[in-house]
Amino acid sequence: MKTKFIQLDCNNIDNKKIIEAAEILKQGGLVAFPTETVYGLGADGLNEEASGKIYAAKGRPSDNPLILHISSMKALDALTAGDCTLGRKLAEAFWPGPLTLIFKKSNLVPLTTTGGLDTVAIRMPAHPIAFELIRQAGLYIAAPSANASGRPSPTTAKHVIEDMDGRIDMILDGGSADIGLESTIVDVSADIPIILRPGYITLEDIIGITGEAEYDKGLLQKPESEDFKPKAPGMKYKHYAPRGQLTIYEGESKAVVRAINQAAEKKLKEGYRVGIIATDETLLSYEKGLIKTIGTRKDEKTIAAGLFKILRDFDGEQADYIYSESFYDNHLGQAIMNRLLKAAGYHIEKV
Ligand code: TXA
Ligand code: MG
């Protein structure tokens with residue numbers, strides 16, 4: 001298959017190109033598009049054959065459900081069943097935006113889209129290209145992140161090309177994703193909102209609207225532990241994995257730098273290619289290896305936005321070992337460390 005590549009200006013969207021992309025979706029094809037979190041791989045979410053193509057293109061296990069992307073609140077009436085008061089409160093507060101809500105599903109939603117579950121994940125994205133595409137198509141767009149299963153989520157169209165060229169009909173390039181981490185997923189199908197995947201919208205943000213909320217207990221455990229049963233099926237897979245072995249160093253900043261320098265030196269001597277995930281603040285303190293900055297600790301948003309890109313960059317450089325600082329601080333720490341720990345297969349060195 002030849003993949004058509006189209007560039008769009010977010011500030012002045014060419015409507016003809018959106019219509020062309022929407023037409024592909026209506027005919028059951030696959031279009032990758034930018035969102036404010038990461039790039040998505042879209043198909044008609046009510047067309048089982050079309051969403052089946054998503055699983056094939058990504059190499060995704062069929063029990064891992066898809067998020068339906070919508071452009072109007074009216075979609076909730078069609079896609080959900082039962083009492084949605086709790087979810088609607090959160091939707092009104094944060095949509096369009098980087099929040100996915102899990103509701104009881106209506107009969108309209110096929111089980112192939114929900115991986116056999118009786119719930120459905122729904123998100124209204126804020127990115128103007130995503131929003132316009134969904135609106136023009138007039139469909140509910142099933143869209144996982146547009147990476148091959150197991151690779152870091154794509155934050156640029158170039159990342160999508162790396163994984164999907166020749167496998168899908170079209171890629172819309174709208175520049176770098178703003179946030180760079182996938183949406184926060186909150187299950188609102190019971191009485192208390194449960195966070196299944198941390199993201200830009202935090203536990204505190206959710207509590208601010210609903211008065212109470214919790215993390216899914218499965219989220220806080222290592223996948224190897226026996227009672228690890230995350231409620232978001234996707235959270236159980238080894239995800240975001242770079243090709244090299246990533247180790248995270250935790251501790252006081254100077255001690256971390258010293259330990260990473262020692263580990264890097266050792267592996268370099270053994271003839272391996274070594275990558276180091278530094279910050280603007282520590283960049284000059286590292287001595288040898290492929291040293292890259294993920295962003296600045298003065299603005300944790302830059303670290304979130306840089307994470308998947310730096311993992312892909314080290315793949316490009318064929319790093320055998322990657323050493324990273326940790327980023328527990330502030331607001332986005334939960335979301336950043338959730339992704340980084342998975343990428344590292346929970347390899348941590350405390351110093
Ligand atoms: O930011 C995002 O959410 C991006 C953009 C493209 O919107 N999409 C995304 O989709 O990250 P994906 O498929 O890569 O991740 C969706 C996650 C998976 O972990 C999946 O298991 C979970 O959502 N999920 C989907 N439906 C669910 C459901 N009914 N119950 C529990 N978890 C669900
Ligand atoms: Mg994904």
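Predicted model: local features only at pLDDT ≥ 70, side-chain atom pairs only at ≥ 80, totals over all residues.
Local features need pLDDT of at least 70, side-chain atom pairs count only at pLDDT 80 or more, and totals for chains, interfaces and linings use all residues. Residues are numbered from 1 along each chain as its sequence is written, chains are lettered from A and ligands numbered from 1 in the order in which they are written, and side-chain values use heavy atoms, with hydrogens and water left out.

**View 1. Helix α9 packs on helix α10.** Here α9 (residues 300-316) and α10 (residues 333-343) sit with axes 10 Å apart, at about 15 degrees (axes are lines fitted to C-alpha atoms over the stretch in contact, with angles from 0 to 180 degrees between N-to-C directions; helices are DSSP runs of H or I, at least four residues, and strands runs of E, at least two, numbered from the N terminus). That makes the pair roughly parallel (angles under 35 degrees). From α9, E300, I303, A304, L307, F308 and L311 meet G333, I336, R339, L340 and A343 of α10 (heavy atoms within 4.5 Å). Eight of these contact residues are nonpolar, one is polar and two are charged (Ala, Val, Leu, Ile, Met, Phe, Trp, Tyr, Cys and Pro count as nonpolar, Asp, Glu, Lys and Arg as charged, the others, Gly among them, as polar).

**View 2. Helix α1 crosses helix α5.** On the α1 side are N15, I18, I19, A21, A22, L25 and K26, which meet I129, E132, L133, Q136 and A137 in α5. This contact splits into eight nonpolar, two polar and two charged residues.

**View 3. A look into the largest pocket.** Its volume is about 700 Å³ (the space filled by probe spheres set on grid points joined across faces, edges and corners; a pocket is an open set of points on a 1 Å grid over the protein atoms alone where a 1.4 Å probe fits, with protein on both sides within 12 Å along at least five of seven lines, and lining residues have an atom within 4 Å of a point). Of 44 lining residues, R60, N64, P65, I185 and A232 are closest to the centre. Strand β6 (119-123) gives the largest share, four residues. By class, the lining has 20 nonpolar, 16 polar and eight charged residues.

**View 4. A cis peptide bond joins W95 and P96.** Omega is about -10 degrees, and P96 sits in the loop between α4 (85-94) and β5 (99-104).

**View 5. Q318 has a positive phi.** The value is near 55 degrees, in a residue other than glycine. Q318 belongs to the loop between α9 and β15 (321-324).

Technical notes
Parallel < 35°, antiparallel > 145°, perpendicular 65-115°, else oblique.
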